[in-house]
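Please walk me through this structure.

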Amino acid sequence: MSENARTAPPGGIPPEDAAAWQRIRRYAVPAHMIERATAHRLAGDWRAACAAAGTETTVDPAALAAEHGADIAAAVAEDLRHFAPDLLRWHLPRVLGGRTVVAPNRRVLLARYGSGPDAPVLYVTTRAMVDGPQRLRLHCAPVDPHARRHSYASWVVEDWTRARWFWDARHTAELRAVAGPADRIPFFHPDGTPLREDEVPAADPGPADPAGQAEWAAVLQWRGESAEAFAAAGIALDLTLPPNAYRWSDAVAALKGATLDPALLAAGVRRLAAAGAGDRFEFAPHWRCLLLVELAPDGALRARLVDSSEVRDVPRLPDHAWRPLPDLHLVRTGRTAPRELHPLVTAALFPAAGPAAGPPGPAAPRTVRVRCVGEWHEVRSRGGVLDVPHSAEEQQRERALRAFGGDVAGCFAVREAWASGEGRLPRALRAERRELFERVQHGDTPGVLALLDAGLDPRVRNGRGQGLLHLLPFVRHEELLPRLLEAGLGLEEQDDFERTPLQSAVQNGGTASLVRALLAAGARTDVTDNMELSLGQVVSRYKRADLAFLKELVEERHPGINFEEYDEFLAERAEWGDFEDDDYEEDGYGEAGDDGDAAVKGDAAADGDAAAEADAATEDASDGGAAR
């Protein structure tokens, strides 16, 4: 039996991924974002809808008309009127493995306007930084399928041109047909309630029950019987290892443990073929396993293990054609209620649940019991302070003990862990900290303000020593910076990478407006990070053309502060000539609006790299993880 079979239900996703998807659904697209974007879309203002959903745009209808003609410009304009950027964000692939962020280096194709190589394509790109700001960019221009994102990685293309239910408000009801047969969704009753475990078929129910057949194929895959599972879904699977067997020696075992839906795969390939997308696709259900699936002229589906060299010119099968929908799994397992999903998703998949309210808002701080000096004490964030039931004299004594290197315990250890990001916290306080930093990571400024209004102590730090000032690039700083300074947070406090808030703003894509605001508040410019890089060198490293004023200021005020070896490295790299440094030209930090989510136009300035260390969201998360 496969590892998935031991941990995930048939047709489901592994528990660790399910836990991440549960958090994604709660924090990544907050209800207020959905409401604002929807209101703007219904009012006919697609640019405002994009801004509300954290999506910058380079689309210029007038330029499209001049270059490609009025008909194409009109077709693009019609699609933009129905573009739901909040729904697109909801469905984007994510980096899991403990994280909740959008998968980086994705180019998501939405619509093509013509068939030639010069035909414009409406598409969205995600940024290069794994844990950077979650802003997206909307483009409409010809796409070179062979272009690389940067010198050491390619774009990963998600083709949604035949999956409009993910982004076009006119087609959202089609998601129901994708989820399963017309009579009912697999693993659900017709009314949308989940099947009990004893209601899942233990044998092939036959063609009279297509949903049951899909469930039976999922059960077989869950058991690790992949050939039988594919056969139950109508796919002949050849498990012969490819010629380069040394690279794929465990491909069969990997396939048996993969999270995939054989019935969804069969339906997805047939749907794409019927739409003219082709009849041969490659996909990797596991990183140690690569499959080629083909639709024969007689309508038969076949799949076989292949080496990557065999499918270099074969289109990649979109994830939506074979991965189980996370929303179905979350509802089926009780992790999420139908009414907590995106309203358009709920309307398509669970109409009997009634109108959806969307993801729940922030939870108010709670009282937490802490064992302290042999007694149970109650600790709680109240009035912007993590309140402990100790007198001023006791607190002063503990601070003195700590200053002399002594160990603190009980309530004082909890307060120390909250303010430093180090040490253990009670589970309830860990949950409060995680919720705050999840909302910061996903740009939920109203959610962060609501938590502060409820009394949350703003001195909290995550597992990388980053406080709220370090994470201002992720939110609207105009509202948060004055409040955090008023609460006493320091502009020179360093995180675990020895970066001040100003350094973090430069590194993590903070706007020029944020940088100027930190300078106006008194942030020092004679600082270096753990790599000994000055602010000016970080500006150069991330090609922040919009922050040239900061580099000039540092060089004028602090000559000689630069790490000389790094300057020499940059000079040598420029001499090499084969290192194209347009790596992140589509990220556009340099031209983002001052609020971080305003629409922009024109060529984008470069920003950061994919190896950025900052992890603003999940201090308990493990590094890495595969994009789902």
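E564 sits in helix 24; helices (H or I, at least four residues) and strands (E, at least two) are DSSP runs, numbered from the N terminus. With a relative accessible area of 56%, E564 is exposed. Buried means under 20% relative accessible area, exposed means over 50%, and partly exposed lies in between (1.4 Å probe, protein chains only). The accessible areas come from the Shrake-Rupley method with a 1.4 Å probe, and for residues only the protein chains shown count as cover.

This is a predicted model, in which local features need pLDDT of at least 70, side-chain atom pairs count only at pLDDT 80 or more, and totals for chains, interfaces and linings use all residues. Residues are numbered from 1 along each chain as its sequence is written, and side-chain values use heavy atoms, with hydrogens and water left out.

E564 belongs to a negative surface patch, together with E498, E532, E552, E555, E556, E565, D567, E568, E572 and E575. Helix 23 (548-557) and helix 24 (564-576) are the elements that give two or more residues to this patch. Helix 24 supplies the largest share, six residues. Patches are made of residues with over 30% relative accessible area and no salt bridge; like charges are joined within 9 Å, and nonpolar side chains (Val, Leu, Ile, Met, Phe, Trp, Tyr) within 5 Å. Lys and Arg count as positive, Asp and Glu as negative, while His and the chain ends are not counted. The place of a charge is taken as NZ of Lys, CZ of Arg, CG of Asp or CD of Glu.

Look next at E498, another member of the patch. E498 lies in the loop between helix 19 (477-486) and helix 20 (501-507). At 38% relative accessibility, E498 is partly exposed. Its backbone has a positive phi of about 60°, although E498 is not a glycine. In the model, residues 497-530 are 47% helix and 0% strand, and the end C-alpha atoms of the span lie 5 Å apart.

F187 also has a positive phi, of about 75°, and is not a glycine. F187 lies in the loop between helix 8 (175-179) and helix 9 (210-222). F187 is buried, at 7% relative accessibility.

Now turn to charge pairs. Side chains of opposite charge can pair when their charged atoms come close. A salt bridge is a side-chain nitrogen of Lys or Arg within 4 Å of a carboxyl oxygen of Asp or Glu. The whole structure holds 33 salt bridges.

What does the pair of E158 and R316 tie together? The two side chains meet in a salt bridge, 3.0 Å from N to O. E158 lies in strand 7 (residues 156-159) and R316 in the loop between strand 11 (301-305) and helix 13 (326-332), so the pair ties together parts that are 158 residues apart in sequence. E158 is buried, with a relative accessible area of 2%. R316 is partly exposed, at 31%.

D168 and R170 form another salt bridge, 2.8 Å from N to O. D168 is buried at 0% relative accessibility, whereas R170 is partly exposed at 37%. D457 and R459 pair as well, with their closest N and O atoms 3.0 Å apart. D457 is buried at 5%, and R459 is partly exposed at 35%. Salt bridges that share partners join E78, D79, R81, R164, D168 and R170 into one network.Finally, consider contacts across the sequence. V29 lies in the loop between helix 2 (15-27) and helix 3 (31-42). V29 is buried, at 1% relative accessibility. V29 and H442 are 413 residues apart in sequence, yet 7.7 Å apart in space, C-alpha to C-alpha. P446 is in helix 18 (residues 445-453). P446 is partly exposed, with a relative accessible area of 33%. The C-alpha atoms of P446 and H32 are separated by 8.1 Å, although the two residues are 414 apart along the chain.
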